[in-house]
Amino acid sequence: MAKIVTVEIDTDGNFSVDLTGFNGKGCSDVIKAFEGLGTATKTVTKPEFNSVKTNVVRQ
Amino acid sequence: MSKYTEQQTEFKDADLLVASLTAMGFTPQLHATAQQLTGYQGDKRADVAEIIIPRSQVGFASNDIGFKRNASGAYGAIISAFDSSTYDATWMKKLKATYCETGVMRQAKRAGLTFTGKKTVNGKQQLQFVKA
């Protein structure tokens, strides 16, 4: 499955990062690359790989 | 696994902020230590900032615009009341979006991602990348 990263920038200049097709550590490494641009307000592990779904909300 | 994360953009990177202001048509000054801003009459103001847009670039009878590093490490804008009518919330949103897009492209490259395209969906800019 192709590893696709979609970054969406809203009209306020905030953004979201959506990863699909990643396995294991590679997922977190990509997320980490974008972390320095702002502060995470929500992180969700998507369920399509039967992972436990977690919601982390940070100020 | 795959992940989804929402981020609130903050001006944390001086070089990136300078690049974004440059992309918006300014030639900002970057100082290692915060410098006093200059007012429209050439007067030195009490406000200090590390990144300064000289008043000559801001507008007629305008004051310097500054971006000062705060305790959290992010840069906050210092804009005079006179200039805030032009450099308002809309302008700040545009700067944030420019900073965000410039930063995303830079960080994607560093992460080894390949840019595959950009489109507008419901008023939002979508940038897509693939990882080999």
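Predicted model: local features only at pLDDT ≥ 70, side-chain atom pairs only at ≥ 80, totals over all residues.
**Entry 1: lining of the largest pocket**

At least two residues of the lining come from each of two strands, β2 (15-20) of chain A and β1 (3-9) of chain B. I then asked which element gives the largest share of this lining. The answer is β1(B), with four residues.

I listed the lining residues by chain. Chain A contributes A:E8, A:D10, A:N14, A:F15, A:S16 and A:T41. From chain B I noted B:Y4, B:E6, B:Q7, B:Q8 and B:K124. Sorted by class, the lining holds five polar, four charged and two nonpolar residues. For the volume of the largest pocket I recorded about 150 Å³.

**Entry 2: a salt bridge between the chains**

The side chains of A:E8 and B:K124 form one, with an N to O distance of 3.6 Å. I took this pair as a salt bridge because the cut-off is 4 Å between a side-chain nitrogen of Lys or Arg and a carboxyl oxygen of Asp or Glu. Side chains of opposite charge can pair when their charged atoms come close.

How many salt bridges does the rule find across the interface of chain B and chain A? I found two. Over all chains, the count is seven. I also placed the pair in the secondary structure: A:E8 lies in strand β1 (residues 3-9) of chain A, and B:K124 lies in strand β7 of chain B, so by the strand definition each partner sits in a DSSP run.

**Entry 3: the interface as a whole**

I next turned to the contact between the chains. It takes 43 residues from chain A and 34 residues from chain B. Together the two chains bury about 3,800 Å², and 55% of this area is on carbon and sulfur atoms. I noted 16 residue pairs in polar contact across the interface, with both residues at pLDDT 80 or more.

On the side of chain B that touches chain A, the elements giving two or more residues are β1, α3 (89-110) and β7 (124-131) of chain B. The largest share of that side, ten residues, belongs to α3(B). By class, I recorded 14 nonpolar, eleven polar and nine charged residues there.

**Entry 4: chain B**

I closed with the layout of chain B. Its secondary structure has seven strands and three helices. Read from the N terminus, the order of elements is β-α-β-β-α-β-β-α-β-β. Along the principal axes, the C-alpha atoms of chain B fill a box of roughly 55 × 30 × 20 Å.

Key
Residues numbered from 1 in each chain as written. Chains lettered and ligands numbered in written order. Heavy atoms only, no water. 1 Å grid on protein atoms, 1.4 Å probe; cavity = no way out; pocket = protein on both sides within 12 Å on 5 of 7 lines; lining within 4 Å. Points joined across faces, edges and corners; volume = space filled by probe spheres on them. Nonpolar A, V, L, I, M, F, W, Y, C, P; charged D, E, K, R; others polar. Contact = heavy atoms within 4.5 Å. Buried area = accessible area lost by both parts, 1.4 Å probe. Polar contact = N/O pair within 3.5 Å; in protein donor to acceptor, adjacent residues only side chain to side chain.
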